[in-house]
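Here are my notes on this model. Please read them with the structure open.

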Amino acid sequence: MDVSSGNRRHEAPWKRMSKEELDNQYSPSRWVVRLGAEEAMRTYSQIGNEVTKRARATRRSLLDVPYGAGEGEKLDIYLPEAVSEAMPFLVFFHGGYWQSGSKDTSAFMVNPLTAQGVAVVIVAYDIAPRGTLDQMVDQVTQSIVFVQKQYPGNQGIYLCGHSAGAHLAAMMLLANWTKHGVTPNLKGFFLLSGVYDLEPIMHTSENAPLLPTLPCATEGGKPPLKSSTIWTTLKSFGT
C-alpha cells in the first residue's frame, strides 16, 4: 500500500500548487473579466473616493473620531436624519489584504443605510507593514468596544467586512469581551469574500508586508481562529 500517495490525496489542494498558481489564485484583481487587473484596481479606488465624498457632503457625520490612542485608530460615524439612542449600527472593516485600503474610500453603503435609519461606522486600522495581524485584531476589537460604550442603547451592532476586513470581523466571534468590561450588542455579521485560512498566503507574494509566523497564520491572528469554531458560532447567530 502506497501510504505517501494516500497522504497526498488528503492534503489541502493549495499545497499541491506551484507558487505561480498560488499567486494567481490569491490575486482577485486578476480574475476580473471585463477589466485588466490594474484598471480594475483604479476603477475600484475611483468609485470608493467618489461615494465617500458624496456621503460626507450629504450625510451628518463625525469624522476621524479616535477609538484608541494610536495614530491609526480612528473611525468615521455617519448618522441618519433621526438620531436616537436605539439606532442600529453597521460597522464596516475595509479589505486590501491587510496592507492597503482605507476608511476614506469605503463609504459606499452610507447613503442607502442612513436613509433607512441605520448609523454606519467605518473603521481604520494600522495596515501592514506598520500594523501586525495581532494588532489589527486588537484594534478592531477596540473599535467595537468604543461604539458600544458610546451608544449603549443601540438596537444592535452588525459587523461587515470585505476580504481582509471580513477576516477581522470574523475574529470578533472569538473575542474575549469580559476583559474589556463590556459585551457589545452584536446582532449579525456580513462577511464578504473573506480570507479565513491564512497559511496559504505565507507562500504567496502577498506575504512580504505581513510576514506572519506559522502559529499566527494558522490561528488567524488572535485569538485562535478555527474554521469549525467560526462555523458553529456563525450558526448560533442564525446565519
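1. Start with Ser 163. Its contacts, leaving out residues up to four places away in sequence, are Gly 95, Leu 192, Ser 193, Gly 194 and Val 195. Ser 163 sits in the loop between S5 and helix H6 (164-171). Is Ser 163 buried or exposed? Its relative accessible area is 11%. The cut-off for buried is under 20%, so Ser 163 counts as buried. Bear in mind that this is a predicted model.

2. Now the overall make-up. The protein has eight helices and six strands. Reading from the N terminus, the order is α-α-α-β-β-β-α-β-α-β-α-β-α-α.

3. In what order do the six strands lie? The order is S1-S2-S4-S3-S5-S6, in an open sheet with mixed pairing. At the edges are strand S1 (60-66) and strand S6 (186-192), and each of these pairs on one side only. From one strand to the next, the twist averages 20 degrees.

4. One strand pair in detail. In general, strands of a sheet pair through backbone hydrogen bonds, in either a parallel or an antiparallel way. Strand S2 (residues 74-79) and strand S4 (residues 119-123) are antiparallel, with four bridges. To find this pairing on screen, pick Ile 77: its bridge partner in S4 is Val 121.

5. Helices against the sheet. Helix H3 (residues 37-58) lies across S1, S2 and strand S5 (156-162). Its direction is at about 60 degrees to S2. Helix H5 (residues 133-150) also packs on the sheet. H5 touches S1, S2, strand S3 (88-93), S4, S5 and S6. The angle between the directions of H5 and S3 is about 160 degrees.

6. Aromatic pairs. How many are there? The count is four. One of them joins Phe 92 and Phe 108, edge-to-face, at 5.4 Å centre to centre and 85 degrees between the planes. Phe 92 belongs to strand S3, and Phe 108 to the loop between S3 and helix H4 (110-114). The pair therefore ties together parts that are 16 residues apart in sequence. Phe 92 is buried, at 2% relative accessible area. Phe 108 is partly exposed, at 45%.

7. Another aromatic pair is Tyr 158 with Phe 190. This pair is tilted: the centres are 6.4 Å apart and the planes make 35 degrees. The cut-off for pairing is centres within 6.5 Å, so this pair qualifies. Tyr 158 is in strand S5 and Phe 190 in strand S6, so the pair ties together parts that are 32 residues apart in sequence. Tyr 158 is partly exposed, with a relative accessible area of 27%. Phe 190 is partly exposed too, with a value of 41%.

8. Totals. Of the 239 residues in the protein, 44% are buried. The accessible surface is about 12600 Å², and carbon and sulfur atoms account for 54% of that surface. What share of contacts between residues at least 6 apart in sequence joins residues at least 24 apart? That share is 73%.

Conventions:
Residues numbered from 1 in each chain as written. Predicted model: local features only at pLDDT ≥ 70, side-chain atom pairs only at ≥ 80, totals over all residues. Heavy atoms only, no water. Pairing = 2+ DSSP bridges. Helix = DSSP H or I, 4+ residues; strand = E, 2+ residues; numbered from the N terminus. Axes fitted to C-alpha atoms, helices over the stretch in contact; angles between N-to-C directions. Contact = heavy atoms within 4.5 Å. Buried < 20%, exposed > 50% of the residue type's maximum accessible area, 1.4 Å probe, protein only. Areas by Shrake-Rupley, 256 points an atom, 1.4 Å probe, with all protein chains shown as cover. Phe/Tyr/Trp six-rings, centres within 6.5 Å; stacked < 30°, edge-to-face > 60°.
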